[in-house]
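Let's take a quick tour of a protein model. Have a look at the sequence and the 3D view, then read on.

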Amino acid sequence: MQSEAADPRIDAAAAESHEPQSPTGRQIIDFELRNSLPRVRATSPSSADPPPGPAAASLVMGTDPGSTLKIVKGEFGYVLEDVPHLTDYLSDLPTYPNPIKENPAYSVVKQFFVNQDDTVPKKVVVQKDSPRGIHFRRAGPRQRVYFESDDVNACIVTCGGLCPGLNTVIREIICGLSYMYGVDKVLGIEGGYRGFYARNTIQLTPKSVNDIHKRGGTILSTSRGGHDTLKIVDNIQDRGINQVYIIGGDGTQKGAAAIFEEIRRRRLKVAVAGIPKTIDNDIAVIDKSFGFDTAVEEAQRAINAAHVEAESVENGIGVVKLMGRYSGFIAMYATLASRDVDCCLIPESPFYLEGKGGLYEYIEKRLKENGHMVIVVAEGAGQDLIIESMKSMDHEDASGNKLLLDVGLWLSQGIKNYFTSRQKMTINLKYIDPTYMIRAIPSNASDNVYCTLLAQSAVHGAMAGYTGFTVGLVNGRQTYIPFDRVTEKRNKVVITDRMWARLLSSTNQPSFLSSKDVEEANIREEQPKQTSGEVKCMENGST
């Protein structure tokens, strides 16, 4: 059977070196690759030493204790954005053989362990002259682990809103730790982040979580806010916890990054792993977030009901509001899947109501042609149109999200007023709001499989000593991604992309966009793009 060499790690003297700060505020660690086992030496960027040879790569790390970005550069524009490892700040940690090798379940596997050099490209479609670009470390079991099974004391916490699949992830983390690594000490932190210091914990075992995947919500309960980093890390330290699994959206992952930084500052042997969660599917880098497929599938029931109601009466209009505060992925995919939707409105695509080419004119046209229509609107759409009446504009929830006015009710009332008062036209409008229904149900088969892969990848990473990372699917492969990458921006529907064009073609709706709107959308899309091999390096480690 094929196996990999022990994980090569940065020499302790180099990693812990505290040379005077260079003008760039960074330390360059040059690798000379010899049979995948690097010889490492720490140098200043101004060093007179010759640059690495053609086969060499370089790792850029901040000398500031808060800086955690690890960048490995190689030939042809190859850039690996690596994740932190416990040995980056704790030298001489002992390693142990991975118990998976003795696990009967893996006896049929040709190669037990992921190759140490395996990476996953961020961008998979390139031209023949394109540089190799940004890569992330491939997830999976390693030959050596940094925790003995009996010494592991893990905890799991869920934060933010509900999402299909939360219980599945919880279950699979516990079963993965137990069945693959023989770990029997796993705590559940109740009530989100504040549960670390304000709520009780519960002992979790494979038996106690055996059928929780059949239920919606989270058995650990959840909350927004309550992030007191010092209190959380104090509690982790007091309880002797050495693996922390944090399930939540971008705000939760930012909190996880802060927890990791404090753990790193205290030099604790604690692995912090994040599992990204949001049905809005707006987390950067990853292909999709768990629960999204289930939410889209459940949204079909509401759309179908709206269609039945609309076509059963004269001039029937069904309005369905779906989740999507800043990103319209659920509305877009539910519309494409349904084929019963005549108009989809999302936050990324501006629209207007009155005048030639406006929404009201389009509604009137479709009613005359078909006698009915269905409109799907994301909760964050049209906020600029109702900003004057939005009394809660400056109000935020505990996670810092702006409280939005109900665009579904506002739009429904506007349509009624326009056609009954101004057009003297009888309409029958039905408004359906399944907002919380689509996130409170158990995950479907597709999401259950995805949740299992995410959970097991997180367990493999923590046991292998990786920390300060989140797991996710990138181009169909499980990867370990630095926290700052998934929290630096929010994914949005690109209204100048082919997918949005497919939707417009499917619904036959107008784009409602002026040439100025298209130009501005193109500018927004181009701004985040980096030049070849360019990588943002966070000098102060802030997130």
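Which strands does helix 6 lie across? Helix 6, made of residues 292-311, lies across strand 15 (316-322), strand 17 and strand 18. Keep in mind that this is a predicted model.

**The big picture**
- You'll find 13 helices and 20 strands in the protein.
- Of its 543 residues, 54% are buried.
- Take the contacts between residues at least 6 apart in sequence: 76% of them join residues at least 24 apart.

- Four strands make an open sheet, in the order 16-17-15-18, and their pairing is parallel.
- Strand 16 (343-345) and strand 18 (428-432) are the edge strands: each has a single partner strand, so one side of each has no neighbour in the sheet.
- Going from one strand to the next, the twist averages 15°.
- In general, strands in a sheet pair up through backbone hydrogen bonds.
- Strand 16 and strand 17 (residues 372-378) run parallel and are joined by three bridges.
- If you want to spot a bridge, look for C344, whose partner in strand 17 is V376.
- Back to helix 6: this helix runs at about 165° to strand 15.

**A histidine in a loop**
- H85 sits in the loop between strand 5 (78-82) and strand 6 (96-97).
- H85 counts as buried because its relative accessibility is 0%, and the cut-off for buried is under 20%.
- The side chain of H85 also makes a polar contact of 2.8 Å with the side chain of T87.

Methods
Residues numbered from 1 in each chain as written. Predicted model: local features only at pLDDT ≥ 70, side-chain atom pairs only at ≥ 80, totals over all residues. Heavy atoms only, no water. Helix = DSSP H or I, 4+ residues; strand = E, 2+ residues; numbered from the N terminus. Buried < 20%, exposed > 50% of the residue type's maximum accessible area, 1.4 Å probe, protein only. Polar contact = N/O pair within 3.5 Å; in protein donor to acceptor, adjacent residues only side chain to side chain. Pairing = 2+ DSSP bridges. Axes fitted to C-alpha atoms, helices over the stretch in contact; angles between N-to-C directions. Contact = heavy atoms within 4.5 Å.
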